[in-house]
Amino acid sequence: MFTNETITFIGAGSMAEAMIAGLLKNEIVAPQQIIVTNKTNVERRSELKETYGINETNNLEFAIKEATIVILAIKPKDITTITNKLRGVITEKHVIMSVLAGITSSFIEEELMAAIPVIRVMPNTSSMIGESATAIAGGKYTSMPQMLMAKDLLTAIGQVFVIEEEQMDVFTGVAGSGPAYFYKLIEHLQKAACDGGLKPPLAKEIAVQTIVGAAKMLEETSTEPATLRKNITSPNGTTEAGLKALEAAGGCTAIEAAVKGAASRSKELRTEYEAVISK
Ligand SMILES: NC(=O)C1=CN([C@@H]2O[C@H](COP(=O)(O)OP(=O)(O)OC[C@H]3O[C@@H](n4cnc5c(N)ncnc54)[C@H](O)[C@@H]3O)[C@@H](O)[C@H]2O)C=CC1
Ligand SMILES: O=C(O)[C@@H]1CCC=N1
C-alpha cells in the first residue's frame, strides 16, 4: 500500500472515476489519500465523495499542496487553463501523471516552466475493475524511481506497459479507445442475434459470454489468436462462411482503420491544443 502518497485528481469525469474505483478496489491506497477536484460541478464531487469515501474540494491550490501525486484527468482542450493555474503552485516534489490523449509531457513541462516530473499515462475505462491496459512514458524530469512508483501504483488498475512517448498515439488507438470497439462489436452481435430471433437480454448475454470466453482463451491458453481462429474454422463450415462475410464487408480493414483513426486524432489533438501555447 502507498501509505505516504496523497493523490489529487484534477478532473472528476469518467476516467478519473474509473481510476479511483480501481485504485480503491485493489486497496493500494485508502480513500482518505485521494482528493478530487473539478471545474464547478459540486454535485459530481459529492457523488464521488459519497460513493468512494474520498475527499473533494474546489480549491485547486489546496488540493495541490496536499498532494504528492497529481493526476491530470481533464480534457485536452483544458490543458492550458490548468497549467496556468498550476504554475508556481506545483513543485519539483510532486509527480504529475497526465492521462490526456495527445498532449505531450514536454508541452506540460514547458507550460509549467519548472523541472516538474511529468509521466504520460494512457489508461482505459476498464481501470474501474482493475483490468486496464495502461501505458506509461516518462518525461524529461522523471526519475527511474518515479517511473517504478507509477508502474506499481497503476498496476492496481490493470496491466502496465512502459513505452516510448512516441508510441502513445498508437497505444491510445489500440488500448485507450479500444474498449469502445469491443462494445460496438457487442452491440452489433446483439443486433444480429435479435434479427435472428433472440430476445435482446438473451442476445446480450450470449454476445458477452462469447467475447469473455474468447478473451479468456487468449489469456489462459497463451495461444496465438490466428491458431484459435483456425481451430473454430471447419473447411466449408459456418465459421468460414462468417469470416468470408466479415472480410467482404470490410470488417478486417475496419478494425485497423479504427486504430489508425484514433491514433491520428491523438496526433491532431496535440496540434490543436498545443498550438495555443500561452504566448
Ligand atoms: N474516457 C476514457 O475512456 C479515457 C479518457 N482519457 C483522457 O482522460 C481525460 C478525461 O476524460 P474523461 O474523463 O472521459 O472526460 P470528462 O469530460 O468525463 O471529465 C473531464 C473533467 O474535467 C473537469 N474539468 C474541466 N475543466 C476543468 C478545470 N478548469 N479545472 C478542473 N477540472 C476541470 C470537468 O469538470 C470533468 O470533471 C481526457 O483528457 C481523455 O483524453 C484517457 C484514456 C481513456
Ligand atoms: O476519446 C478520447 O479522446 C479518450 C482518449 C482515449 C479514450 N478516450
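Which residues does the UniProt annotation "binding site" cover? In the unreviewed entry, the annotation covers I10, G11, A12, G13, S14, M15, A73, I74, K75 and P76. UniProt positions follow the numbering used here, feature names are shortened, and annotations may be inferred rather than shown by experiment. Although these residues are spread over 67 residues of sequence, they cluster in space, with a largest C-alpha distance of 14.3 Å. A12 lies in the loop between β1 (7-10) and α1 (14-25); helices (H or I, at least four residues) and strands (E, at least two) are DSSP runs numbered from the N terminus.

This is a predicted model, in which local features need pLDDT of at least 70, side-chain atom pairs count only at pLDDT 80 or more, and totals for chains, interfaces and linings use all residues. Residues are numbered from 1 along each chain as its sequence is written, and chains are lettered from A and ligands numbered from 1 in the order in which they are written.

The axes of helix α7 (residues 168-176) and helix α12 (residues 251-274) come within 7 Å and cross at roughly 135 degrees. Axes are lines fitted to C-alpha atoms, for helices over the stretch in contact, and angles run from 0 to 180 degrees between N-to-C directions. The contact (C-beta atoms, placed from the backbone, within 7 Å) involves these residues:

| Helix | Residues in contact |
|---|---|
| α7 | D169, V170, T172, G173, V174 |
| α12 | V259, K260, A262, A263, S266, K267 |

By class, the contact of α7 with α12 has five nonpolar, three polar and three charged residues. Ala, Val, Leu, Ile, Met, Phe, Trp, Tyr, Cys and Pro count as nonpolar, Asp, Glu, Lys and Arg as charged, and the others, Gly among them, as polar.

Methods. Two residues are in contact if their C-beta atoms, placed from the backbone, lie within 7 Å.
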